[in-house]
Amino acid sequence: MRMLLNVQRGCTSFRSIRTVNSVLYDTFQEACSAMGFLIDDNEFVLAINEAAELSSGTQLRKLFVSLLISGSVSRPVLVWNQTWKYLSDDIIYYRRSELHFPGITMTDEELQTFCLIEIEKLLQANGKSLRDFAGMPLPNVNLVSQFSNSLVLRELEYDISVMLEEHDSNFSKLNEEQKSIYDRIIHCVTNKEHGLFFIYGFGGTGKTFLYRLLSAKLRSQRRIVINVASSGIASLLLPGGKTAHSMFGIPIELNEDTICRIPKDSPKADLIRLAELIIWDEAPMTNKLAFEALDRSFRDIMTSISVSNKDLPFGGKIIVLGGDFR
Ligand SMILES: Nc1ncnc2c1ncn2[C@@H]1O[C@H](COP(=O)(O)OP(=O)(O)OP(=O)(O)O)[C@@H](O)[C@H]1O
């Protein structure tokens, strides 16, 4: 502010001090930068890019934090936007070894979140925080809990290129009936509509073929699909399949009030909330009380997202129940 007061004339408020060439800046630092008093932030971007040739992400984060703390950067967010890829260079390596999931991939948003957490740790060790720097993004806490949930990570571990290849090589084989079911379910998932589908068909009519294709399509888009079957043998035919009883904690003894053993704040409940499609093969083999228990439990779990979900079948989850219903 002192630098600006030396040159700004006729100021009547803090806002007028921060106004340069009729533009009101959020901070005095930004106003100074607009005046040309500070080194252009591009210098810092270039410095980080140059250092990236020889330094690890950890070292670059330390450099970034030193620049922030020294107060040299006028618009930290601009430097962050142009350098975050270098700053988060080693994040995926550490997440893979920490979680013992060598195959995990991370989206840009996840990389940024974990990089921001590391930056925040360095800042806090120096008595500062990301909140002290106007415009700097904060870590997305929802992503952190998802990314620490091993059940979710296992579902995200599918190799996208393998899934795409499986999908593309079988898609053209779909017969007319399979294609129309495929289209309706994918449309429902893509548009985040609620849907409960029943796929009828006796043995060998191509239900599993369809489930595999739906799973490959959605997993290639990094969406979570839960595949379950009533029997252990059928679950083995589904990619990543489990028995419905073990996946959803359905009790053996069932009555009209039974609920599943899934605490609302458990990692499994998080996985269910994140799942975009649930496929249950051989559904007619299971007691209807099990579906009613699952319905009650899902309604409860899904109220964490929206209270209105308690009025929707299965809390609004998109579910495919398949089998031979004769
Ligand atoms: N559109 C298709 N193009 C080529 N092969 C197909 C197609 N649909 C199904 N098949 C093949 O037909 C065979 C039986 O299909 P699938 O296992 O999907 O039937 P199903 O209805 O799941 O049977 P079941 O209920 O006994 O498990 C499989 O070998 C499958 O690969």
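Visitor: Which residues does S220 touch, not counting residues up to four places away in sequence?

Guide: S220 touches I160, M163 and L164, where contact means heavy atoms within 4.5 Å. The model is predicted, so local features need pLDDT of at least 70 and side-chain atom pairs count only at pLDDT 80 or more, while totals for chains, interfaces and linings use all residues. Residues are numbered from 1 along each chain as its sequence is written, and side-chain values use heavy atoms, with hydrogens and water left out.

Visitor: Why is S220 called buried?

Guide: Buried means under 20% relative accessible area, exposed over 50%, and partly exposed in between, with a 1.4 Å probe and protein chains only. S220 has a relative accessible area of 11%, and is therefore buried. Of the 326 residues in the protein, 43% are buried.

Visitor: In which helix is S220 found?

Guide: S220 belongs to helix α13, residues 207–220. Helices are DSSP runs of H or I with at least four residues, and strands are runs of E with at least two, numbered from the N terminus. The protein has 17 helices and 7 strands.

Visitor: What makes up the lining of the largest pocket, by class?

Guide: The lining has 9 nonpolar, 6 polar and 8 charged residues. Asp, Glu, Lys and Arg count as charged; Ala, Val, Leu, Ile, Met, Phe, Trp, Tyr, Cys and Pro count as nonpolar; the others, Gly among them, are polar.
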